[in-house]
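Please work through the exercises below with the sequence and the model at hand. Each task is followed by a solution in steps.

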Amino acid sequence: MRTTIFRTMAFAALIGSMGGTVAQAQTKAKPGMTTNNGPSSLIPMRDFFRNSEKRSFQLSPDGNYISFMAPFKSRMNIFVQKTGDKKSEPVRLTSLEDRDIAGYFWANNGRIAYLKDSGGDENYHLFAVNIDGSNDKELTPFDKVRVDIIDDLPEQDDYMIIGLNKRNPQVSDPYRLNINTGALEQLYENPGNITGWQTDHDGKLLIASTSDGVNTTLLYRPNEKAPFAEVMTTNFKESLSPQFFDPKNPSVVYAVSNIGRDKAAAVRYDLVKKKELEELYRNDKVDVEGIGYSQKRKVPTSIYYTVDKREFRFLDKEAESRRAEMRKLIDKDLEFGIASSNKNEDKFLIVTFDDKTSGSYYFYDQKVKKMEKIADISPWLNRSDMADMKPVSYTSRDGVTIHGYLTLPKGVPAQQLPVVINPHGGPWARDKWGFNPEIQFLANRGYAVLQMNFRGSTGYGRDFMEKSFKQWGQTMQDDITDGVRYLVSEGIADPKRIAIYGGSYGGYATLAGITKTPDLYACAIDYVGVSNLFTFMNTIPPYWEPFKKMMYEMVGDPTNEADSTMLRANSPVFHADRIICPLFVAQGAKDPRVNKDESDQMVAALKKRGIEVQYMVKDNEGHGFHNEENRFEFYKAMEDFLSLHLKGKRETN
């Protein structure tokens, strides 16, 4: 069973989380402690932000080939090589020069499908190419149309099911696509309210999800000739998210559900009887994130969730035993995950990682229980030069526990340090433990970095999420401010050298921080952030339109007098007169989520008052800078800006 890239997923991470990885054991930094052994030398900025040497490795379905992405003319393109063949040169399949490939996957043993947008507009088009580089074909050549992958149909070599919003920009219709010719067959006409599709193990569209903007209805049909029937309707605050069908009972699904509970649990649910059959697992601290599944054996394998780092509860002895065997062959200090497997599930690509390394890939042959290293993602970065990222927690002014991560510069006492406060995007997303090049770059320049999962961050249950509703710039911002005060009270932060930097919603929080608490920050960096809550909601992408009512309930309704007053009070652009610190703003001209006008308004308001503002706009970028040369320019400007105002280190050449 496959699940479409739901519009609700795009909405949940409303304006994008700009980073994040996976979490580790609680440690509290104490004043006076030395942060890691030995000071770290200045590492070139480009080493943190250059393209990976190789990444995104995948196995072909038969396991005979390994694919990966690597730079070609400064853009990430697709390469393949025979599994186990170290002598011959990999074959480059694509030659894109304008923009990195956004993602790819094996369509069958001889053909690879990939996605690409134009300049960051997020209207992704689907292409496919043979593994010898021939028949490179655009399969969805439609202007201003976005593709979703619903099911890659692993048992049907020449077809996949995709969603396209070409008939109606606001909703997606499902199509069967011939990956060789591009021929399309529409499978169902979206009546205008279906926001997601799901298939069974044979690729049949049997589940749909509708939304009226606030309420979500789950629909099911026993076969593709039957009409869809309602299973349940819930407010968007509650959800049942089917993961896959029970192969022993075609009307039962394994699902993640928070219905009748605060923390989402793994359950079995009967779509015909319309009732939960069994709670498989629930964690008292955090939400269950998903359920693993063996495509070959048709069995659920594990339940996974993140407390401090990702944890598993196994449902299958074979999967549990396999992971234990892999664990024996991997450095005990590293985390690892399965990145890819062949269809027979006896050959695997393993990725290792932690907070100080971007990772390495290994090939694991289960038959001989042998682990063979393939590549390091960023071999020029030395793990011993990186800083520890430690989970921390503090209590907000109204008694809510806020979890986060503190990274301290290596080899210096944790006292009176310059600090960068880094709220995440979303806002309905979360920061996790793991390697983050931005955080390590800042730590290498001598800054302590605090990332906090303020109220509304995902994974901490329904109540914690709902505490954020209509609280942009209010209690959500207080959680960030209280994090600053926590560092000051611990003696870690120099109160005169604190900056705030964030992207997307984090950019909004940056602007809210310097308007709500202008004396708290010495400088600020707003990266593709919202400045005006009215214009922001009027310029959302068309495929978010079905969720506008939900947006009004979560952020505020501009047509309601009380909400309108609240939105104005919490739109930073209307309070630019409170800003007293230097500001650096960066924006992609083609950003579909946070329109360029959001940055233009703020820059104009500040320039009118004579406040120092540095403005960087990239015409070939969208919601964040993806092209390597633009990343270099942005982070060099950031480095110089922070060094000027916080007196941190910087490269001089």
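The model is predicted: local features need pLDDT of at least 70, side-chain atom pairs count only at pLDDT 80 or more, and totals for chains, interfaces and linings use all residues. Residues are numbered from 1 along each chain as its sequence is written, and side-chain values use heavy atoms, with hydrogens and water left out.

**Exercise 1. Salt bridges and burial**

Task: Determine how the side chains of R50 and D47 meet, and state which parts of the chain are linked by D246 and R268.

Solution. 

Step 1. Apply the criterion: a salt bridge is a side-chain nitrogen of Lys or Arg within 4 Å of a carboxyl oxygen of Asp or Glu. The structure holds 50 salt bridges.

Step 2. Examine the pair R50 and D47. Their side chains form a salt bridge, with 3.5 Å from N to O. For burial, the classes are buried (under 20% relative accessible area), exposed (over 50%) and partly exposed (in between), with a 1.4 Å probe and protein chains only. R50 is partly exposed at 34%, whereas D47 is buried at 16%.

Step 3. Examine D246 and R268. The closest N and O atoms of this salt bridge are 3.0 Å apart. The pair links distant parts of the chain, 22 residues apart: D246 belongs to strand 17 (residues 240-246) and R268 to strand 19 (residues 265-270). Helices (H or I, at least four residues) and strands (E, at least two) are DSSP runs, numbered from the N terminus. D246 is buried, with a relative accessible area of 7%, and R268 is buried at 16%.

Step 4. Consider K332 and D333, whose side chains meet in a salt bridge of 3.5 Å, N to O. Here K332 is exposed at 71%, and D333 is partly exposed at 45%.

**Exercise 2. Helix 11**

Solution. 

Step 1. Inspect the two ends. At the start of helix 11, a side-chain oxygen of N595 comes to within 2.9 Å of the backbone nitrogen of D597. G610, with a positive phi near 80°, follows the helix.

**Exercise 3. Backbone angles**

Task: Identify what kind of peptide bond joins G426 and P427, and locate Q416 and K647.

Solution. 

Step 1. The bond joining G426 and P427 is cis, with omega about 0°. P427 lies in the loop between strand 30 (417-421) and helix 4 (437-444).

Step 2. Q416 is not a glycine, yet has a positive phi of about 50°. Q416 occupies the loop between strand 29 (401-407) and strand 30, and is partly exposed at 42%.

Step 3. K647 also has a positive phi, near 65°. K647 lies in the segment after helix 12 (628-646) and is exposed, with a relative accessible area of 62%.

Terms used. Polar contact = N/O pair within 3.5 Å; in protein donor to acceptor, adjacent residues only side chain to side chain.
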